[in-house]
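Here is a short report on one protein chain. It starts with the terms, then moves from the whole chain to single residues.

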Amino acid sequence: MEVLQSAEGMLEVRGDRDHPANQGRLCSKGAALADTLASDRNRLLRPRVDGAEVSWDTALEAVAGRWRGIIDEHGSDAVAFYASGQMLTEDYYVANKLMKGFIGTGNIDTNSRLCMSSAVTGQVRAFGADTVACSYQDLEDTELLILVGSNLAWCHPVLYQRVKRARLARDDMRVVVIDPRRTESCEIADLHLPIAPDADVSLFNGLLRLLHQGGGTDAAFIAAHTEGFEQVLAALPDRTVPELAADCGLAVADVQQLLDWIDAADSTVSAFSMGVNQSRSGTDKVNAIINLHLALGRIGKPGCGPFSITGQPNAMGGREVGGLATTLAAHMGFSDEDCDRVQRFWNSPRIARAPGLKALELFEAIDSGAVKSVWIMATNPLFSLPDAERWRRALARCECVIVSDCVDDTDTLAAADICLPALGWGEKTGTVTNSERCLSRQRAFLPAPGEARPDWWAICEVAGRLGFSEGFNYSDVAEVFAEHARLSGFENRRRRDFDISALGELAVPDYHSMAPVRWPLADGQASPEVFRDGRFYHADGRARFVPVTGSVPGNKGLILNTGRVRDHWHSMTRTGRAERLCDHTPEPRMAVHPEDLMALGLSDGGLARIESPQGMALLRVRRSEAQALGQVFVPMHWSRRFSSAASINSVVAPAADPLSGEPAFKLTDVQITPVETAWSGVFAGFSGNVPPTGYWVRVPGAEYERLLLMAEPGTTSPEAVAECLLPASGRRLQLADTALGLYRWAVLDENGALLAALSIGPREIDADQTWLTRLFQRPTLSAAEQQWLLAGMTPDGAGGQGRLVCSCNRVGETVIRELVRAGCDSPAALTERCAAGGGCGSCLPELQTIIDEEQRACRIAS
């Protein structure tokens, strides 16, 4: 992307038309990046040790001194590092080098364990290396695209729009979505299979068996390039199409249609994401998908392959350097040969010779006291891990918790003994790698705020204080990258997939001007299409079929499924700063099928408690026909900073795949009960106080923030909430109708400008308070405006534009519905009239849904 600065100093973010991945297109989050760059808001700007601000030198000495004492007394495995897919590759590289090569422990893992480690493990089993088999171009070139557990429309919207354009332009392309929910990606689907939870292995095993019985497998490819096919066949249950459909909770006709399309196609891509990976059987799901592609010979060819699409910006870069506890470095494992090779390259005093603790194992070791200190960098595990409350208690008992972050108000930072201020996006320099193995340079364009420093620098400074200066004496981040690149080619001789050694001799200026490039590189040139020659990375050059057995878990009650919404990312550390990203989904709501809604006594918009043995969350309910019966979906973004009790990972069970260690975020048994409410309310303004209500959600904004409130009977009064949230100074206006239970307050400054407003009533208050923006911008409110404010209206009678639908161009639902009623009958027509859908395109499925709803209502009315 490109960042432009106006003469007034305003920043504008644009897509880079020359970048091969996005070709100038941005998603809603990318388009809003400039809105998130206020450097003085919630930033960690100075180091802290035991609650006191200190110099960097004091903080670094504290880190090194405490680790030295722990290692001397308890050994190197008593310390650990927990990294993140938000780190740049260079940061990752020095962290991994310090832990595995100089401290000598495998205990460095990453939050990427939570999203793609099942894909890594499955690919290593099948290919002999963690090789992603496809490119983004394959998504457009294939005849049959199968999206498995991937809501591409919302989670990878730029890719989705590429696929959509290809689908509309070609008569020979079909798209199939396999997902328990009917997601936005179904907008372009020719077939949606609402599969039973964790039935993916059964489905792909059954497809393989049926295709083989019908002569659809590629015997020549299997014989020339693979091993283990007969063993896989012997392990496959013999299922008819009706039996397979019953096993997977699917319609017989749908399974038969998928089978026919696979058999007829010459090319197939199976693109999978969290719905596959985040499972107790995630690795087996990956191998079931790969087995099918190997059996069909649909890999290593244009428009063919199993495609693991990662979520985080640099999960791939972390995999390349060895940031996972189960890999050593540069796609090497822990064989004696690899360990000796890496130790010689690093010239390190020791080397980790066995895998370290995976994420959940690591926090269990903290809980038990086996790990005495952990350094957590660029992630918020007390929010993101399942069974989060247990790890909150564990970190509270941990001897030394070190946290490097760019913000000052995460759940995890509150548990830190030592806090190190880091650079954020726009301030740091380095590289990232995307899902198709494309390396991109990230360049700083903002000055470092306060005393924030690069993560790689902080790690190297600690390494020096531990006595390892010679191994970490870098003068520029380019030197870190060059060493990483040289290691990838060290004694490689094309035996390992990851090789960017052609970049290992880049001069510093060349590194800083480096263009995007996909690996592997051959003789210094990009040769990125893998497996074209049928050669894989096991010692014999053959891929491996892996026998896997599928079984649908027997759940006792409702199933909780968690995931993302369109405009937010992780714990909203950055997206929570952008008002337009918050307005599409102002609060997390639990999606419930209408029949479950009735059976549980819930109401659309009402409050409900969702519980498991791990914990509880309090959420409002959303009626959704897209939700499968017996399952509920809850978005995962709202941390304690943004909500009273909506951190859903406190409810998620800590079950994990036994091979990859990836948690099963998509399947937890839960109980749900309705919660009676006495009143609802909306506060607008700025208040540092926590509302005394059981339910509240904070919606950030530039002119003011909103607090959405609900209170249970007998818990707190409207007057108590007003005293808590409203400014103590200023002129207070009040309207109270105790008979109806309606209360409204407004507070003005000495000039008559609006400081805050609070509305409370027995029914739901409209969360769309955007019309207040005009009043907050007025230097003085007239007497009429003050009266209308207490009435909940503006003098011209105009309300807000409704819930934001198009974040890129800031178009609300009310505006869109009015245009549909006036005759706009397609997303293209809406784009022409109001620009909705004219940005990243991720709102286009929702525009079509609104059109369908309005047209249906018109037919009923007539």
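## Terms and basis

Contact means heavy atoms within 4.5 Å. Buried means under 20% relative accessible area, exposed means over 50%, and partly exposed lies in between, with a 1.4 Å probe and protein chains only. Helices (H or I, at least four residues) and strands (E, at least two) are DSSP runs, numbered from the N terminus.

This is a predicted model, in which local features need pLDDT of at least 70, side-chain atom pairs count only at pLDDT 80 or more, and totals for chains, interfaces and linings use all residues. Residues are numbered from 1 along each chain as its sequence is written, and side-chain values use heavy atoms, with hydrogens and water left out.

## The whole chain

The protein chain holds 30 helices and 35 strands. Its radius of gyration is 27 Å, close to the 29 Å from the globule rule for 862 residues, so the chain is as compact as a globular protein of that length. The radius is taken over C-alpha atoms, and the rule is 2.2 Å times the number of residues to the power 0.38. Along the principal axes, the C-alpha atoms fill a box of roughly 85 × 70 × 55 Å.

Of the 862 residues, 61% are buried. Take the contacts between residues at least 6 apart in sequence: 71% of them join residues at least 24 apart.

## Helix 28

Helix 28 spans residues 813-821. Its buried residues are Glu813, Ile816, Arg817, Leu819 and Val820. Seen down the helix axis, they fall within an arc of 160°, so they line one face of helix 28. The arc is that of the directions from the helix axis to the C-beta atoms.

What covers these buried residues? The cover includes strand 34 (804-806), strand 35 (811-812), helix 29 (827-834) and helix 30 (844-861). Gly823 follows helix 28 and has a positive phi, near 125°.

Gln631 lies in strand 26 (residues 631-635). Gln631 is buried, with a relative accessible area of 7%. Leaving aside neighbours within four places in sequence, Gln631 is in contact with Pro180, Pro197, Leu558, Ile559, Ala591 and Asp596.

Leu755 belongs to strand 33 (residues 754-761). Leu755 is partly exposed, at 34% relative accessible area. Not counting residues up to four places away in sequence, Leu755 touches Ala684, Gly685, Pro727, Ser729, Val747, Leu748, Asp749 and Phe776. Leu755 and Glu427 are 328 residues apart in sequence, and their C-alpha atoms are 33 Å apart in space.
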